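User: I would like to go through the terms used for this structure and see what each one rests on.

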There are 2 protein chains.
Amino acid sequence: MPGGRDDAAADHVSGGRRPGKSGTREQILAAARTRFAESGFDGVSVRAIAADAAVDPALVHHYFGTKRNLFAAALALPVDPETVLAQVRAVPVDEIARAVLRAVVGLWDSPQGAAVIGAFRTVLGGGDPQLIRSFILEVALKEVRARVDTPPGSAEVRVSLAASHMIGILVARRILEIEPLASMPLDELVERCAPQIQHYLTGPIEV
Amino acid sequence: MPGGRDDAAADHVSGGRRPGKSGTREQILAAARTRFAESGFDGVSVRAIAADAAVDPALVHHYFGTKRNLFAAALALPVDPETVLAQVRAVPVDEIARAVLRAVVGLWDSPQGAAVIGAFRTVLGGGDPQLIRSFILEVALKEVRARVDTPPGSAEVRVSLAASHMIGILVARRILEIEPLASMPLDELVERCAPQIQHYLTGPIEV
């Protein structure tokens, strides 16, 4: 079925179907990495990245779908962030910590986790932290921030404290492998840590 | 005063006074890094390291003082861990989190902090985590662990959870630079985070 080759969606899913243009995807990714690292996720348009890569913006969408997916690709994330975000969005505000922990640690523990950890280690080891920082604050925790801003103006502090604990759990569990945290069953980890993280998100706080 | 050259303590402080033997110190350090990485701090004797480096154990003490100092040198720590430990030892058990946070974050914020962060990043970036893990558990938190084992058997869980939050604060503040945590005054950081860490150390817990 030669006609099927023109289907952009199918092309996107199967990845790199056009033999003569295999460099285009890499050009777009390189431009995206530079731009996102300079300006963060919110500060960059798909149009600007397309211009840097000297391609039509439609081609960026063709290869990567949404801007969020492009960002995930720039970070070498093996999963669509939306998968995690949907789980967090589905719960009431006083269960956010539990949902975030379960989703994020669950991801790190999953077969795809190794690639995420690899990308994270690269940044921790000396790469520009802007990409990961932007991912955490502008993609992963953006909706959480909007939901926990009580009293008004407290959300930034709340989210940065909660993020610090999340990051620490991930580093201790999957990079430094500190026991018994490293091999603690996910359910137990959630029971032990969610209350502390939830306290940062919705507990009493001075601004 | 040529006689002064034989004073081991002075030699240790001034560092590398013997022109013909400058390789000895590095040989000892290399042996120490390998041994500590393989077996952790507690699992290695100064005698074994000296044997690996083919030097007399007295020479190890001559160059590095205590085994703890040798470990610090292997980790490229610019400070004697005892400086931090003494501050933590001085407080009652229900103020340990506050003391640890103040001492450790204070160290990272100090002029010597950059070297500590550099050593930490090297490990996070892909080095063997055994050295840092051993440092955290067997040197930095050993005395804390002994003091928080209530009910008996809970100390390992308590310490690994508290360590994970500490690690996260350090990564978020000094590597990813997540605001407002990154530029939060130390006093404010201690006020906000000490209760959560203290909860892990001495709060109610199921084993």
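User: Why is A:Ala54 called exposed?

Analyst: The model is predicted: local features need pLDDT of at least 70, side-chain atom pairs count only at pLDDT 80 or more, and totals for chains, interfaces and linings use all residues. Residues are numbered from 1 along each chain as its sequence is written, chains are lettered from A and ligands numbered from 1 in the order in which they are written, and side-chain values use heavy atoms, with hydrogens and water left out. A:Ala54 has a relative accessible area of 67%. Exposed means over 50%, buried under 20%, and partly exposed in between, with a 1.4 Å probe and protein chains only. A:Ala54 is therefore exposed.

User: Where is A:Ala54 found, and what is its phi?

Analyst: A:Ala54 is in the loop between α3 (46–52) and α4 (57–64) of chain A; helices here are DSSP runs of H or I with at least four residues, numbered from the N terminus. Its phi is near 55 degrees, a positive value in a residue other than glycine.

User: What makes B:Ala54 buried or exposed?

Analyst: Its relative accessible area is 68%, so B:Ala54 is exposed. B:Ala54 also has a positive phi, about 55 degrees, although it is not a glycine.

User: How do you know what relation chain A has to chain B?

Analyst: A rotation of 180 degrees with 0.0 Å of shift along its axis superposes chain A on chain B, with RMSD 0.0 Å. That is therefore the relation of a two-fold axis. The same surface serves both copies, as 100% of the contact residues of chain A recur in chain B. The superposition is by least squares on the C-alpha atoms of residues with pLDDT of at least 70 in both copies.

Definitions and conventions. Contact means heavy atoms within 4.5 Å. Helices (H or I, at least four residues) and strands (E, at least two) are DSSP runs, numbered from the N terminus.
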